[in-house]
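Please walk me through this structure in plain steps.

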Number of protein chains: 2
Amino acid sequence: MQRAILAFSLFSASALASPFSPQTIEIAEQLQLQAMASDAAYQIVADLTTEIGPRLPGTVNDARAVAWAKARFEQMGFDKVYLEPVEVPHWERGGIAAKVTSPFPQPLLITALGNSVSTPPDGITAEIVRFANLAELEAAAAKSLDGKLAFIDHKMERSRDGRGYGPVVTARSKGASIAASKGAVGLMLRSVGTDSHRFAHTGVMRYAAGIAQVPAVTLSAPDADQLTRMLQRDPHVEVTLNVKNQAFPPKTSYNVIGEISGSSKADEIVLIGAHLDSWDEGTGALDDGAGVGIVVAAAKQIIDANLTPERTIRVVLFAAEEIGLVGAKAYRDAHQAELSNHYIAAEADFGAGPIYKIHSRVGEHALADFDAMAKQLESLGVKRGNNNSWGGPDMSVLPPLGVPVAGLALDGTDYFDYHHTPDDTLDKVPPAAIQQSSAVYTVFTWLMANSESNFRPIPIPTK
Amino acid sequence: MQRAILAFSLFSASALASPFSPQTIEIAEQLQLQAMASDAAYQIVADLTTEIGPRLPGTVNDARAVAWAKARFEQMGFDKVYLEPVEVPHWERGGIAAKVTSPFPQPLLITALGNSVSTPPDGITAEIVRFANLAELEAAAAKSLDGKLAFIDHKMERSRDGRGYGPVVTARSKGASIAASKGAVGLMLRSVGTDSHRFAHTGVMRYAAGIAQVPAVTLSAPDADQLTRMLQRDPHVEVTLNVKNQAFPPKTSYNVIGEISGSSKADEIVLIGAHLDSWDEGTGALDDGAGVGIVVAAAKQIIDANLTPERTIRVVLFAAEEIGLVGAKAYRDAHQAELSNHYIAAEADFGAGPIYKIHSRVGEHALADFDAMAKQLESLGVKRGNNNSWGGPDMSVLPPLGVPVAGLALDGTDYFDYHHTPDDTLDKVPPAAIQQSSAVYTVFTWLMANSESNFRPIPIPTK
């Protein structure tokens, strides 16, 4: 069955004007078989999440993760392994508690958003005011929230491509300052997530300049529903909130980099990446242990097959993605002179997969070549997508500077059930899915490292 | 469709030598239609879990729950509403924290078992020793756990009838003392549950006399798996455990009782019940808000239809089931003189349903009569079960004293995903399932209150 499919895809690819030599395609197909028989990606996630666990930027475990990744890269046999320093913000969660004090006293399950300030030591006790979404809060009159807690109860929609995230996440990043600008003493946000479990989803937030910094927390979906039911019974619901967080001076973390040196085009770089950091309450299995497993195992298949690509394959595990693409920006700045040599870039940061589509951002003239590449992934169940990709969160800093990117779309139907919660643990990584995802990256990486196309210039995106 | 099924069941029932008059059956079928069009059971759970929330025996919320239930009963129009005092143990959870300190430092997600003592203020730091189950721990040599933490990692099997609970729950109730008898300084137990989420399941434990009382905690399934993976990499895994609980003097709580007075056989009692208390981390929606909704709504259908049963229908919401059937034992003792007048008893305490089978414990001579009753429930999807029922946890104190019981088996396939966790909240109650379960109780209660059978003497069970 597998053989028959491969024979078919070989035929299809050669029927097009292929940017790949027959030998490149033959090797890609051998690599595909090898990767689909390998559990390397899953094992990497298992090792990272077990031996390191949570790895919030700036923490002891972040430094342990960097050392772990460097040692792993060295053991794997990359031609070059090195670290690049990244100055990262350092914030840590302390204790947290919340309860309804009136009219229906009971505890609430919440968590603090990353960067949130603390409450005073004895907490804040205030009435809550519910808003169906951020727009409703924005429409509230000045001073209308004086002394109140703003409660935003916007439900996220489930989807395979994560399109439900955008409409709700701004409330997480900006909601606290908008609430404070109306007089609120804090923000309680329904978790940005798709589950109905008693997990509050964390994530980064920012304070706007010149506005009082008030604590920002999220409620689990059942707790948000509970508050809404209480408000239906009594418009005056009072909550006590106690948050103890701490901001520390910035620390030095590192982007961890491994390279398989190219032959004839060694100065051209095929960049694949994921981020090494994670939120602190889970073990960062889906976000982004899975991405680490997918791209590192892809490189491992090529190393283990003792192959030399024409271009250099560079794997980057970025620092501090979660708190603002900090490692990605440091990479962009450190490699500015070299960016024009970046042939293509792609990041895995949306769970374990499987990969169902491949998007791109390449020049219009090169679309047929990219289509030919996508064709080669059909036997793995991957369809061709659009040409509007940003390449993934960390890679998104590169297209504005002209770097072509690919978007290997991971199936994220369940991703936001676990995203940024304590429940993001290894048991949520389906071994078959991550195996397929890593096989797709393996084939993609090999083809890109040996392609005869030129993807530049690309359509420069504007946000 | 519904009409056709009813006509058929009417025919079937009358073909048997029925213990029910045609009028009794006609009313039962009207009640069934009424109950299947009612959301009363769901609304009762919604109100109880929203307006009261967690209700651990002896706490302020336990007292609030009693007042809530009494007011609800009075508002519903029971003929009699009364409270019976129950002296209940009072234990409360304080802060808890655990982490692996070596070789893979990271936090663990745990909870304390009910009744567990605290650690010293600075916690306990010790190596863990894993046991696949309680039998392995029991087989450990004396003193072999000196200064260690015993870790029991027994996985519970999922099933519709909850048969997986028995083989693992003894480790929860007795594991700490068995571990301490081998020198252990504490017990860490894989949660008795069937989910793979980051929830530790609590539940009651007991200390054996004459053995050191050591703290007893459970790990979420992902955390238990994590410890096992660590031990596969390094046999020396050290954990720090910090538990702060508090035992208080006993308090007076109450069984809450509502009655629909019977007519010709008013001194005979059809007893249906559930327990009002819950564990403290969830809102006790499935355990046992659902049972409360099922039996209270069943009585409500009969009251709302303005019907008078021949026998008295008594609804009891028991106190303090979770910590040892305390309310049930108090009921048994307070009603000793009247137990011979208990016609039949049944408790709903296994989630929201649906009910798929009806078991019994009645005299052999009366099995045909009970079968006829079961036949009447067929149109609701209920099959006849065995004659070995205990009637439910609280009712289990009655068959040893000769009281006939019925076991209306609720589908518990998912029950132990949520049981005794923070995640036992209203969103886990499927409205259609609880509607069917309450309809079954409605029909059952009406038929029992007007049956011409005599179920005594019963086969007395021996545990």
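**An exposed residue, then the helices**

Glu452(B) is exposed, with a relative accessible area of 57%. Exposed means over 50% relative accessible area, buried means under 20%, and partly exposed lies in between (1.4 Å probe, protein chains only). This is a predicted model, where local features need pLDDT of at least 70, side-chain atom pairs count only at pLDDT 80 or more, and totals for chains, interfaces and linings use all residues. Residues are numbered from 1 along each chain as its sequence is written, chains are lettered from A and ligands numbered from 1 in the order in which they are written, and side-chain values use heavy atoms, leaving out hydrogens and water.

Where does Glu452(B) sit? It is found in the segment after α12 (431–449) of chain B. Helices are DSSP runs (H or I, at least four residues), numbered from the N terminus. Leaving aside neighbours within four places in sequence, Glu452(B) is in contact (heavy atoms within 4.5 Å) with Pro19(B) and Ser21(B). The C-alpha atoms of Glu452(B) and Ser18(B) are separated by 8.6 Å, yet these residues are 434 residues apart along the chain.

Now turn to α7 of chain A, residues 221–233. Of its 13 residues, 11 are buried, so α7(A) is largely enclosed by the rest of the structure. Among the buried ones are Leu227(A), Met230(A) and Leu231(A).

Helix α7 of chain B meets a helix of the other chain: α3(A) and α7(B) pack at an angle of about 100 degrees. They are therefore roughly perpendicular (65 to 115 degrees). The contact includes Ala46(A) and Glu51(A) of α3(A), and Gln226(B) and Arg229(B) of α7(B).

Methods
Helices (H or I, at least four residues) and strands (E, at least two) are DSSP runs, numbered from the N terminus. The expected span of a helix is 1.5 Å times one less than its number of residues. Axes are lines fitted to C-alpha atoms, for helices over the stretch in contact, and angles run from 0 to 180 degrees between N-to-C directions. Angles under 35 degrees count as roughly parallel, over 145 as roughly antiparallel, 65 to 115 as roughly perpendicular and the rest as oblique.
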